[in-house]
Amino acid sequence: MKTHNIGIILNGVTGRMGTNQHLIRSILAIRDQGGIQVSPDEVILVDPILTGRSADKLQALAAQHGVERWTTDLDGALADAHNLIFFDASATLHRARFVEKAAAAGKAIYCEKPTAVDTETALRLAKVCEDAGIKNGVVQDKLWLPGLRKLQMLIDQGFFGRILSARGEFGYWVFTGEHQGQPAQRPSWNYRKEDGGGIIIDMLCHWRYVLDNILGNVKAVSCLGATHIPERIGEDGKPYAATADDACYATFELENGVICQFNSSWDVRVRRDDLFVIQVDGTHGSAIAGLRKCWIQPLGGTPKPIWNPDIDQPIDFYEGWQEVPDATNYDNAFKIQWELFIRHVVLDEPFRWSLREGAKGVQLAEAGIASWETRKWIELEPMDT
Ligand SMILES: NC(=O)c1ccc[n+]([C@@H]2O[C@H](COP(=O)([O-])OP(=O)(O)OC[C@H]3O[C@@H](n4cnc5c(N)ncnc54)[C@H](O)[C@@H]3O)[C@@H](O)[C@H]2O)c1
């Protein structure tokens, strides 16, 4: 049996994403399944080392999950040749210096999105890795959600005919923390621009890779942001000023002419199929995908509504949709991408979700903010080289 045992530095791992999606649902899940079985006689084993600032938190997390290695000495972890991969899930504004440090140490780099809050920095990180010939990647987890994989399958099968438009609705009510019994369910930095917060930088990064990969390359954006709730309560129980946008209303024009309208908001209550749904309408059919499920309505099954407000609506519009069945197993989206990245590093398999692709997400977010500020459409500059 050929066994690769690779050290993986998980930095910022005590945070929400680091702990849940990356440590528990991805790396430990890979460890617990016996590694990545490449063939009957080749396996890749993962050996995480947890890094961060707080020894107490790291020690507790490591003990809770049976992880042997943790340290507050990131330089020491980077100096250890056993650690092939550096992963960062720290708060966004710290990402650049961590990535540059790890690149200087020659590690393969994988990190959360956004890679930065401005395109210049995001591109610099991509170039640092490219120039040094370092393998690199950015989390683009939504691409492996079952709902979006089903949507991709429908597109590949030609279900839609000519795709005309897509509308995305993302959001839910994030409690302000001011009412006893309703604590906020997101970290407060999300609502402070000076700490890298804001829904535009958060969500337009996602919408860029979702659209580029599934529906077509984004060409231009028009975006209106808002800070609907100007004050929230922080982790310390004290009020703070919400300086970042908490909702945005964006239209994207794709190179292939498809028009996409996406609302993203932390100030909406949900009466739809999921926290994120995307509806795609084509000449021969439509689909609505949520995180895990997807429903279709072909042209031949499309009802004929007639506008008549004097009677109750005779059509149950939910009835005319068929659910796309699960025809395969859907593993955790973050874990799937982790496995692809690890295979890229160890086996040299292709991996196209690079820091440069991540920079395109930052570019769309920055353009969205510029569009809001100037009240104009913004065309995106090509970024492929
Ligand atoms: N892919 C996704 O869907 C998704 C979802 C949410 C967040 N994110 C991204 O993940 C990152 C973390 O977000 P989160 O929601 O987990 O936030 P969080 O506040 O829960 O976690 C941030 C982590 O960074 C650590 N940190 C802060 N400063 C640090 C420093 N100087 N050195 C080392 N560690 C430091 C914190 O201790 C904490 O562990 C953000 O960049 C965010 O944009 C991605």
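Tutor: Welcome! Axes here are lines fitted to C-alpha atoms, for helices over the stretch in contact, and angles run from 0 to 180 degrees between N-to-C directions. Helices (H or I, at least four residues) and strands (E, at least two) are DSSP runs, numbered from the N terminus. This model is predicted, so local features need pLDDT of at least 70 and side-chain atom pairs count only at pLDDT 80 or more, while totals for chains, interfaces and linings use all residues. Residues are numbered from 1 along each chain as its sequence is written.

Student: At what angle do α7 and α9 pack?

Tutor: Two packed helices are described by the angle between their axes and the distance between the axes. For α7 and helix α9 (residues 355-374), the axes are 7 Å apart. The angle between them is about 125 degrees.

Student: What does that make α7 relative to α9?

Tutor: Angles under 35 degrees count as roughly parallel, over 145 as roughly antiparallel, 65 to 115 as roughly perpendicular and the rest as oblique. The angle here is about 125 degrees. Therefore, relative to α9, α7 is oblique.

Student: How many residues of α7 are buried?

Tutor: A residue is buried if 20 or more other C-beta atoms lie within 10 Å of its own, exposed if 12 or fewer, and partly exposed in between, with C-beta atoms placed from the backbone. Helix α7 (residues 199-215) is mostly covered. Of its 17 residues, the number buried is 14.

Student: Over how many bridges do β1 and β3 pair?

Tutor: Two strands pair if DSSP finds at least two bridges between them. Strand β1 (residues 2-11) runs parallel to strand β3 (residues 42-51), and Ile 9 stands opposite Ile 49 in β3. The bridge count for this pair is 10.

Student: Which residue in β5 stands opposite Leu 10?

Tutor: β1 also runs parallel to strand β5 (residues 83-88), joined by 5 bridges. Opposite Leu 10 stands Phe 87.

Student: How many residues lie between β2 and β3?

Tutor: Strand β2 (residues 36-39) pairs with β3 in the antiparallel sense over 3 bridges. Ile 36 has Ile 44 in β3 as its bridge partner. The two strands form a hairpin, and the number of residues between them is 2.

Student: How many helices and strands does the chain have?

Tutor: Let's step back to the whole chain. Buried residues make up 43% of its 385 residues. Its secondary structure comes to 9 helices and 18 strands.
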